[in-house]
Amino acid sequence: MANRMRTAWQEAFHSPPPSRQTIYWIRNKFDATGSVSKAPKSGRSKTSVTERNEMLVAMAFVNCPKKSTQRASLELSIPRTPLQRLMHKLKLRHFRARLVHGVLEGDPDRRLQSCELMRDQIANEQPDYLDKIIWPDDVCFKASGHVNMRNSGYWAEENLHLTTESQLNQPSVTV
């Protein structure tokens, strides 16, 4: 009987038939349960992923998009994994604000002077002028308590292109 089934399968679907063990397993399952569909899962149901919680999560991040998942989890009394599942369902993604330098009143003039100086150095037969500039690979810690950009993200469906201004020439320690 199994050989006839395998031959019929190959003729009907033009693909390799299932193995003999698979056919026997399906037949035995049908004999035992009367169906070949999957049995309902026996694990815990996902009680945190409800429409009410979905609305709470949506409102929490609309009101405060900079809220961390840990803070939202505590405030809403929803474990972090179901919270993240709900956020994924709501298509909320994490974005970081872009750091831009704050421009002071005299900055454009100083930048223009710096560019003109560099142009003059290169024009005065010093083509290796740029090779003499030291381009450092270091880290600056600002005395003003400059905010770490890793901690200034926000949750939204699309990138809002937020920017954060930072002033130049603040007292700092370079490492």
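**Exercise 1.** Which residues does L90 touch, not counting residues up to four places away in sequence?

*Solution.* In this predicted model, L90 touches E54, V57, A58 and E157 once residues up to four places away in sequence are set aside. L90 also belongs to the largest nonpolar core, which has twelve residues in all, among them V57, F61, L86 and W155. At least two residues of this core come from each of the helices α3 (51–63), α4 (69–76) and α5 (80–89).

**Exercise 2.** Work out how the axes of α4 and α5 are arranged, and say which residues make the contact.

*Solution.* Begin with the axes, which come within 10 Å of each other and cross at roughly 105°. Angles of 65 to 115 degrees count as roughly perpendicular, and α4 and α5 are therefore roughly perpendicular to each other. The contact is made on the α4 side by T69, Q70, A72, S73 and L76, and on the α5 side by R80, L83, Q84 and M87. Sorted by class, these are four nonpolar, four polar and one charged residues.

**Exercise 3.** Decide whether N53 is buried or exposed, and list what N53 touches.

*Solution.* N53 is found in helix α3. Because buried means under 20% relative accessible area, N53, at 11% relative accessibility, counts as buried. Leaving out residues up to four places away in sequence, N53 touches T47, S48, I78 and L86.

**Exercise 4.** Check the span of helix α2 (residues 20–33) against what its 14 residues should give.

*Solution.* At 1.5 Å a residue, α2 should span 20 Å, and the C-alpha atoms at its ends are 20 Å apart, which agrees. After α2 comes G34, whose phi is positive, near 85°.

Terms used:
Residues numbered from 1 in each chain as written. Predicted model: local features only at pLDDT ≥ 70, side-chain atom pairs only at ≥ 80, totals over all residues. Heavy atoms only, no water. Helix = DSSP H or I, 4+ residues; strand = E, 2+ residues; numbered from the N terminus. Expected span 1.5 Å × (residues − 1). Core = buried A, V, L, I, M, F, W, Y, C linked by side-chain atoms within 4.5 Å. Buried < 20%, exposed > 50% of the residue type's maximum accessible area, 1.4 Å probe, protein only. Contact = heavy atoms within 4.5 Å. Axes fitted to C-alpha atoms, helices over the stretch in contact; angles between N-to-C directions. Parallel < 35°, antiparallel > 145°, perpendicular 65-115°, else oblique. Nonpolar A, V, L, I, M, F, W, Y, C, P; charged D, E, K, R; others polar.
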